[in-house]
Amino acid sequence: MSFNLLRTGGDLLSLIWAGTVAGCLYALGALGLVMIFKCSRVVNFSHGNVAGLAAFLVYGFSTGSLLQLSWGSAVLLALVIIVALAALTYALIAPLIFESELTSTIATLGIGLIAQGIIQLLFGADIVSMDLPIPNWHMTLLGQRITSYDLTILAATGVIVTGLFLVIDKTRLGIAFRAVSANPFAAEICGLSLRSVHVFAWVVAAALGVTAALLIVPTTFLSSTTVSSFMLQAFAAAVVGGFSSLPGTVLGGIVVGILVNLFSFYVSPEFSNTFLLCVILVTLNIFPNGLLERGTGSRV
């Protein structure tokens, strides 16, 4: 019995570690959703499909399907394209945002379908694989197997989240973002440009989506629906952490990652999406504004 207990404990620690790593990816995807929602009150349902398009562009640019570039150059070019697409998307729906938040949210669904159509037009319905150009090694720490991929995700998440919070907390643009998020009408009266802040949020969200897509693809295959399916977990992370809280989103991503891992291992991976929907419903009933609703709060 003691052996079974040790084995169960080892499994639990491994699941928590793997869930934390996956949760960092969910947090990166969710931060993009929350950035846009905080300043424009739009839930960007095109986030996953656009990020998926970015992953396919990197694949096409680095394998010769579209161009023959180095991996770094392929990422840079794809990022430029996706950021431009995000700015164009905002330009198209900006009039709707100022008229109706619901209408502009629905419009993002259409944009997401267009992005998915572009993927299928350029790359078809084929399933491909894409790896990160990182050394393949692993180590054992406290009985847990830690890979270079795990450390890459944790490092990338730490750098990106820290950089984002510093920008929002220390720069003039970040201060404008906080002001618009808190009270758009008062911010506009004070002379702030709502459109400039919105463009900032959409561009940053696009970059976060690209990063999350490139990091998640090596763990699975790449298809026209892979990243958009992954964004369901990111959406759940945003709900659990709170659409009005960037720190809560990071916490929500880790919580969702761990819960999904535990459920998939101890219950069934086939019903993980159903479990996520249940988590969303329970969270909305108990913590409608996220897990940090009763916390001390944060300026971001």
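Mentor: One term before we start: a cavity is a set of grid points where a 1.4 Å probe fits but cannot get out. Also keep in mind that this is a predicted model.

Trainee: Okay. How many cavities of 30 Å³ or more does the structure hold?
Mentor: It holds 1. About 120 Å³ of space lies in the largest cavity.

Trainee: Which residues are closest to its centre?
Mentor: N44, H47, V50, A86 and A206. They belong to a lining of 15 residues.

Trainee: Which helices supply the lining of the largest cavity?
Mentor: α2 (47-63), α3 and α8 (194-216) each give at least two residues. The largest share comes from α8, with 5 residues.

Trainee: How does that lining divide into nonpolar, polar and charged?
Mentor: There are 10 nonpolar and 5 polar residues, and no charged ones.

Trainee: New topic, the surface. Which residues form the nonpolar patch?
Mentor: L66, L67, L77, I81, I114, I118, L121 and L122. Together they have about 670 Å² of accessible area.

Trainee: Which helices supply at least two residues of the patch each?
Mentor: α3 (71-99) and α4 (101-123). The largest share, 4 residues, is from α4.

Trainee: Let's pick L121. Where is it found?
Mentor: L121 sits in helix α4.

Trainee: Is L121 buried or exposed, and why?
Mentor: L121 is exposed, because its relative accessible area is 72% and exposed means over 50%.

Definitions and conventions: Residues are numbered from 1 along each chain as its sequence is written. This is a predicted model: local features need pLDDT of at least 70, side-chain atom pairs count only at pLDDT 80 or more; totals for chains, interfaces and linings use all residues. Side-chain values use heavy atoms; hydrogens and water are left out. Patches are made of residues with over 30% relative accessible area and no salt bridge: like charges are joined within 9 Å, nonpolar side chains (Val, Leu, Ile, Met, Phe, Trp, Tyr) within 5 Å. Accessible areas come from the Shrake-Rupley method with a 1.4 Å probe; for residues, only the protein chains shown count as cover. A salt bridge is a side-chain nitrogen of Lys or Arg within 4 Å of a carboxyl oxygen of Asp or Glu. Buried means under 20% relative accessible area, exposed over 50%, partly exposed in between (1.4 Å probe, protein chains only). On a 1 Å grid over the protein atoms alone, a cavity is a set of points where a 1.4 Å probe fits but cannot get out, and a pocket is an open set with protein on both sides within 12 Å along at least five of seven lines; lining residues have an atom within 4 Å of a point. Grid points are joined across faces, edges and corners, and a volume is the space filled by probe spheres set on the points. Ala, Val, Leu, Ile, Met, Phe, Trp, Tyr, Cys and Pro count as nonpolar, Asp, Glu, Lys and Arg as charged, and the others, Gly among them, as polar.
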